[in-house]
Amino acid sequence: MKLGNLIIAGVVTGSIYATFAVCVAVWYRVSNILNLAVGDFAMVGALCVDSLYRVRGLPLWAAIITTLLIVSVFAWLYDIIVLRLAVDGRGRAEGIVLTFFFTFALSFFIDGVAKMAFGSDVHAAPALWNGASIAVADLHVARAGILVLACALLIGGLFWVYIRFTLGGKALEASGENALGARIVGIDTRRYRRWIFVGTAVIAAVFGIVESPITGYTYLSGATISLTGFLAAAYGGFRKPGRALLAGLFIGVLEALLGGYVSAEYGTTVMYAILAALVLAWPRGLGFESAVSG
Amino acid sequence: MDGLSRSDRGTRERRRGKTSRESVPEAERAPGVGARGEAERAVGERGLLSGHAGSTAGERGLLSGHAGSTALRVASLSVAYGNVTAVHDASFTVADGAACAITGPNGNGKSSILMGITGMVRRKGTVEVFGAAAPNGDVRWMARHGLTLVPERRQLYPDLSAWDNVILGCYTWTRSIATARNSAPFGRAIELFPELKPHLRQVAGTLSGGQQQMVAIARGLAANPKILAVDEPCLGLAEAVAQRVYEALAGIHADGTTLIIVEEAPKRALTLCSQRVEVRNGVTA
């Protein structure tokens, strides 16, 4: 039953990667910018709730609502101040600078502020669903894991329905594919960019809050999650949220199996080696070519 | 379907109400088609307006006074890219229901006039659509007020299907995909090019140039425009396809939509258009 438990743990971790990959891919579809700070919003979610609840003594619900408000207001301000200047302003940035630089800088900025605000110890938001892990036969599932999976399914499903079946979803895709063509039919590309950015930041924060009881977060945890989510999104060519989701799940399960059977210490290293080898062997099939060539 | 055609009629009636207030009293006004015929005769008598295009016609009230109402009024329009002035002091008016060709050699500012009017680039001067002053640099305002652009090089969404491309034209007036799908403008847009039907599920980027142009025009039509501005509709198309495109444009015009066509070669455009604005070195002649 070791295999079953490893796969369950892998699916839970993978669903986090998958959700972050979907967030990166959806926002990239709108704005053609890669959000390298999405994991940092998760870290802020977890550590801010912990700080408000444990240190400042707020009730848990108040801590969660305050945290989500802080994250959404911050993301909104970042968009209207930094991204608007960078993307829509007179001296607009283009190419690789626009694609990476601004969110990369944001990631460092959030990490720095988080270190000052929350310190460098491992913390976690309190568990939302207390109790021992649920056992079916020999399989064990942590309750937080079930919450994570439920959130991932809900968010993935909502995104899928929105993009596939609504005019707003199609407008979102059109914004990223041809901003000029989108403006012609009256699509406000800036508004889509802003709301998807704020929305994915809040989604990330919710995941941080739900997931942190399993792993525990430090101020640096965000970058690692971002990296893996980013990789999974890359496997979907950055533009295909569905593929990004599958890639995220695959990476999660692979990581768990390598940790369980190969080496707990070197599992991650071996995983990145396998991922790199896959890209080299089959770039077109994995959508990497479109990710690089745009 | 019914609901939408009602709202469609509603917008057209509102438009009439608005424009009748600002032009000629209802009793003096000739009925729609007759008025347009009169305008065209007047324009015809003056030999197509080329030479002293629009501004003169506008000042004398040829197109705006007699022809029912003015769809588009452009006054002292200038467009510059940095230090380079592409359009200088262009003025003309287009009557409601008319077809106007903006012609001139390549690189003389025809497309820039259209870009300036629609707000794709910043401009100086004033642009009025059915009497309402258009804000500078706001393409969405134009789309919502009935002027839809079919731009040069089509500007489709290459990874979306042809069907998705067309239905996104409806975004100017609805956010509901069900309303859009069952609406008269969308039905009309889809029926416009029957030869496109087998390709509607195909990704737009993989269509041929002619098919892409058809999708772009259909998208423009799905926006339910009162004025359809088409920029170089036949650029790079085979003769047979170009003719097909013009047939479709003639059909759109016959349904009462005001047309503005930018063409380098005026010959084909003038088979359809009764008004011509000639552009030379960024100046309307």
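Trainee: Two strands pair if DSSP finds at least two bridges between them, so which residue of β8(B) stands opposite B:I227?

Mentor: B:I227 stands opposite B:T258 in β8(B), and five bridges join strand β7 (residues 227-231) of chain B to β8(B), the two running parallel. From β7(B) the chain crosses through helix α10 (residues 239-254) of chain B to β8(B), and this β-α-β crossover is right-handed, meaning that, with the strands pointing away from the viewer, the path from the first strand over the helix to the second runs clockwise. Helices (H or I, at least four residues) and strands (E, at least two) are DSSP runs, numbered from the N terminus.

Trainee: And what should I keep in mind about the model and the numbering?

Mentor: This is a predicted model, in which local features need pLDDT of at least 70 and side-chain atom pairs count only at pLDDT 80 or more, while totals for chains, interfaces and linings use all residues. Residues are numbered from 1 along each chain as its sequence is written, with chains lettered from A and ligands numbered from 1 in the order in which they are written.

Trainee: Back to β8(B), then: what pairs with it in the parallel sense over five bridges, on the side of strand β3?

Mentor: Strand β3 (residues 99-103) of chain B pairs with β8(B) in that sense; B:A99 has B:L259 as its bridge partner, and B:T103 stands opposite B:E263.

Trainee: How many residues of β8(B) are buried?

Mentor: Six of the six residues of β8(B) (residues 258-263) are buried, so the strand is largely enclosed by the rest of the structure. A residue is buried if 20 or more other C-beta atoms, placed from the backbone, lie within 10 Å of its own, exposed if 12 or fewer, and partly exposed in between. Both faces are covered, with B:T258, B:I260 and B:V262 on one side and B:L259, B:I261 and B:E263 on the other.

Trainee: What is the strand order of the six-stranded open sheet?

Mentor: The order is β6-β7-β8-β3-β9-β10 of chain B, with mixed pairing, and the edge strands, each pairing on one side only, are β6 (147-150) and β10 (283-284). Helix α4 (residues 110-118) of chain B packs on the sheet, touching β3, β6, β7, β8 and β9 (275-280), and its direction makes about 145° with that of β7(B). Helix α10(B) also packs on the sheet, touching β3, β7 and β8 of chain B, at about 150° to the direction of β8(B). Touching here means that two residues have their C-beta atoms, placed from the backbone, within 7 Å.

Trainee: Switching topic, where is the hairpin, and which residue in its turn has a positive phi?

Mentor: β1(B) and β2(B) form the hairpin with two residues between them, and B:G82 in the turn has a positive phi of about 65°. Eight bridges join β1 (residues 70-81) to β2 (residues 84-95), which run antiparallel, and B:R73 has B:T93 as its bridge partner. On β4 (residues 124-129) of chain B, β1(B) pairs in the antiparallel sense over five bridges, with B:S78 opposite B:K124.

Trainee: Over to chain A: is A:M43 buried or exposed?

Mentor: A:M43 counts as buried because it has 30 C-beta neighbours inside 10 Å, and it lies in helix α2 (residues 38-55) of chain A. Not counting residues up to four places away in sequence, A:M43 touches A:A114, A:G208, A:Y217, A:Y219, A:S221 and A:G222.

Trainee: Last one: how many residues of chain B are in contact with chain A?

Mentor: 25 residues of chain B are in contact with 18 residues of chain A, and the largest share of the chain B side, four residues, comes from α5(B).

Methods: Two strands pair if DSSP finds at least two bridges between them. Axes are lines fitted to C-alpha atoms, for helices over the stretch in contact, and angles run from 0 to 180 degrees between N-to-C directions.
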